[in-house]
Amino acid sequence: MQALPTFFSGTAISLSFIGGILLFYSSLYFPLTSWAVAVAILLILAKHKPYLVILLLLMGYLYASHSYIPPRQEDLANQATPQAGEPTADLPDEPQADLSADLPKELPKKLPKELIVGGVFSSIPTLTEKGFRQNFLICACIDAPVSALGKKSIAGKGHSPSAGPSGGPDIGTDGGIDDCIGKNVSLSYQRTSRGLLPGTEGKMKIHVHTVYPRKTPGTYPFDPKLTGYVKHVYELKETHRAQWFFERQRYRLSGYFDTTFTGDVPGLIQSFTIGQTSRVTEHVNETFRTTGLYHLVSISGSHFGMLFLFVMWGVRGIIHRFPHGILNRMAIYLTPSEAAAVVALPILAFYLAISGMSAPAERSFVMIGLFLTGLILGRRGTWLNYLCVSALVIELSDPSAMLTVSFQLSYAAVLFIGLGVDKFLNRGAQKQPDGVGTNLPEEPTQKSTGNNAGNNVNNCADTDAGNKLPLTVRAVAAATWAVHAATAYVKDSVVVSLSASLGTMPAIVYYFHTLSLVQVIANLVVVPYMGFLLMPPLLVGSAIYLVTGWFPCPGVVEWITLIMLKAVDFFAGLPYASINVRACPPAMVIVVYAGILGFFCAKKKWLATLSITSVAILTAIFYVFEPPHPASVVFLDVGQGDSAVVETPSGNALVVDTGTTGKEAAAYLRYRGRSSINALLLSHNDSDHVGGHEYLLRNFKVLHVFDNGRIDYKDNVLKSYGKAIRHLKRGDVATLGGATITTLHPYDDFLPDKKRSSENDYSMVMKLAFSGHSFLFTGDVMKTGEDDLTSLGSLLKADVLKVPHHGSHSSTTGPFLNLVNPAVAVISSGEGNSFGHPHQETLERLRGLHVYRTDRLGTIVLTESPKGLRVKAYGESEIRKSTHTAIEWENLVKAFHTWP
């Protein structure tokens, strides 16, 4: 990469301002360290008199400081942490209101957290198991029978109704009902036909609450969001305001795809065209993740880049076939590239609008849009200038964007692709002045005058003369050109794919704990197939359908998509296509990126070799020489549900219940670098305990499945795992990896009082013991089941009690608790859950014990140590705002360690 000749370049200006924003956010947690690094960099640049850099750095710092909205003090320990996939709202089992043509009846049971609101449905509907889910923009709070969020209001007092700095709702503590205005709520409702047309206005009573990110290692970050369901509809009215035009077009396309295509096809092509990823099946998501192609599922730079190239190549190809006279007259005003840019810019803008304008799509449009604008205005620059200026534009609109995973991955991919092309493809070659690339047709670099117009005519005459060569000579020349073009394409594709993979790999491993070993080859095959064969007919057909109501050749589009899905399935099915990689500390990611940058930027071969070799050795030392992990029991934060992961003294992994989705357990297992589960234990049939068992069985190698004999498995599970399933009863003992599991409940003759008990009382109660420590897992057993268990007497004694039924008032009775006599009690419940768990009377009975709650502390781990069990909470492991040196030092220590 060439050295910057001046501090007044677009790259330097952008990086200086962005550096100021980065300095602000880093100084919140590492103030002394951040300023020391900034001063050191300025001292290095001192000989260049970087007065402008200092000014822009301070401006960026002040801009970020002014735009920053601090989170609630009570949530500083509960900030957003990674979440695997989109969270499932913790909704009660009561039916939602039916928004069919007939006016629905109000539900008989009065629920808390209710609002009567007026507003408009602002997004296209997504299909759920019970109906639809759709964003509803609150325009007025007409009435408030009960506080919307209990102790948590929708926005802080005094704040405007706009979104918070990272795009999510601004959650505060002192706000009133009026602060709901301007907020989007994700509402569920029932409807017999399709969902509501975007722009539909409504007045309704809704039950609303806030969904928080799971405080579980390995899960994916998202902002707290408002969600709920419709209880009663007073008025619905369709409108056709221009504000919702593009959402209505997305609605039309979504309906057409749903009714025309079948299987996995409609969900995938909806993600490519309108950015609707909720219809992509779990199987497709997993295969794309395994192959490293997940960037194709949601609209991002790949889609805009392919559309950009298709339009540029197409328009320039058409222009070059114009009659010579028209071509020469047009060249006086516009070159073919400039004309193609004029056509491409509105097409890309329309694609952005129809795609739903997600953050990655907006970033991609800004990046390509700046390039096209510069091309039209004749301001041609390097790819690095466009990259940095586009990042500056995004940071000006949202300074916290750089903290998001998608921003980091997007810009890392483009940065390292550019560095790779400069290092391996453009070395010694003259750069194309328009920056489009060598594969586009050649054209005059200046607008033509009469003289060079004549040259163009002479060139065309030479071409006509060339056409009179013998057929064999032309055939050999064509074959030689084809071989050369194919070789160049393969070389270019390999360099681009390897550069992007190397640039994003550290971040992907850090955030998602998975590494695709087929990513490079899969991208080489699938990306061009999608770009050249699927996207053109799909996007052109969609545009024609929106104008005429007719979609040309849907069968061809479906056939091309099915071939693509089979190719992805093939790569995903290869042995070791993807491996799970255990977590690494943040400091290691920074060091690895420094080494990779050194490899791409070093001018001397020995220095580049040293950089990449150092990275390889560091990575090998960290992952190959892993220190032994002590036995532990981890109670995961899965919201309103139960799930725990046990790592036995010999290293086996046991999963006790799965939560509603199983994704939190899967995320933690990947965080630990595990791809298999030695035993999956399912307590009872409630979805908040076993709803994710299919997900785990599908994505991990599970050796044994233990249950209480009352789980409703689907046929595909029974077909695959029927022989591995074992029903446990009282007295059954299993030994796995140095841990002993004793089943205490239920048993064949157990006959609870049907008036006072439920399926919960059939929960499998297990006592797990290893290294002299014992843990009692109780599922959702209630008073009737507990009364029956008291007959076991001292067999119930355990060091740690997983509190039954999330701490409900009908469980953890006095006699049962006295027999267990634990030192530690763990309560698994969801933050702000609608059931009020854990109940105050249960907490009173637990007084005197060490009580840990997942709704407050997040995931809880109990690890064996020479001094006994050591307890750690994931919520306490996150870095905190630094108010004094001790906290900064604590944050620095955390940066070099992984939890726990």
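Modeller: Asp-855 is buried, because its relative accessibility is 7% and the cut-off for buried is under 20%. The model is predicted, so keep that in mind throughout. Asp-855 has a charged partner, Arg-853, and their closest N and O atoms are 2.7 Å apart. Arg-853 also counts as buried, at 14% relative accessibility. Elsewhere, salt bridges with shared partners join Glu-201, Lys-237 and Arg-241 into one network.

How many salt bridges does a search of the whole structure find? The count is 21. Take the one between the side chains of Arg-710 and Glu-759, at 2.8 Å from N to O. Arg-710 sits in the loop between β13 (701-707) and α22 (715-721), and Glu-759 in the loop between β16 and β17, so the pair ties together parts that are 49 residues apart in sequence. Are these two residues buried or out in the open? Arg-710 counts as partly exposed at 36% relative accessibility. Glu-759 is also partly exposed, at 26%.

Another pair is Lys-729 and Asp-748, whose closest N and O atoms are 4.0 Å apart in a salt bridge. This pair links distant parts of the chain: Lys-729 lies in the loop between β14 (725-727) and β15, Asp-748 in the loop between β16 and β17, and 19 residues separate them. Lys-729 is partly exposed, with a relative accessible area of 24%. Asp-748 is exposed, at 65%, because the cut-off for exposed is over 50%.

Now turn to the strands by these loops. What does β16 pair with? One partner is strand β15 (residues 733-736), which runs antiparallel to β16 and is joined to it by 4 bridges. Here Val-733 stands opposite Thr-742 of β16. β15 and β16 make a hairpin with 2 residues between the strands, and Gly-737 in that hairpin takes a positive phi near 55°. Another partner is strand β17 (residues 765-770), antiparallel to β16 over 5 bridges.

Phe-625 belongs to the loop between α18 (605-624) and β9. Phe-625 is exposed, at 64% relative accessible area.

Asp-642 lies in the loop between β9 (632-635) and β10 (643-647). Asp-642 is buried, at 5%. Leaving out residues up to four places away in sequence, Asp-642 touches a list of residues including Asp-657, Asp-688, His-689, Lys-802 and His-806.

Last, the wider setting. The protein has 27 helices and 23 strands. Of its 900 residues, 50% are buried. Among contacts between residues at least 6 apart in sequence, 72% join residues at least 24 apart. The accessible surface comes to about 41,200 Å², and carbon and sulfur atoms account for 62% of it.

Technical notes
Residues numbered from 1 in each chain as written. Predicted model: local features only at pLDDT ≥ 70, side-chain atom pairs only at ≥ 80, totals over all residues. Heavy atoms only, no water. Buried < 20%, exposed > 50% of the residue type's maximum accessible area, 1.4 Å probe, protein only. Contact = heavy atoms within 4.5 Å. Areas by Shrake-Rupley, 256 points an atom, 1.4 Å probe, with all protein chains shown as cover. Pairing = 2+ DSSP bridges.
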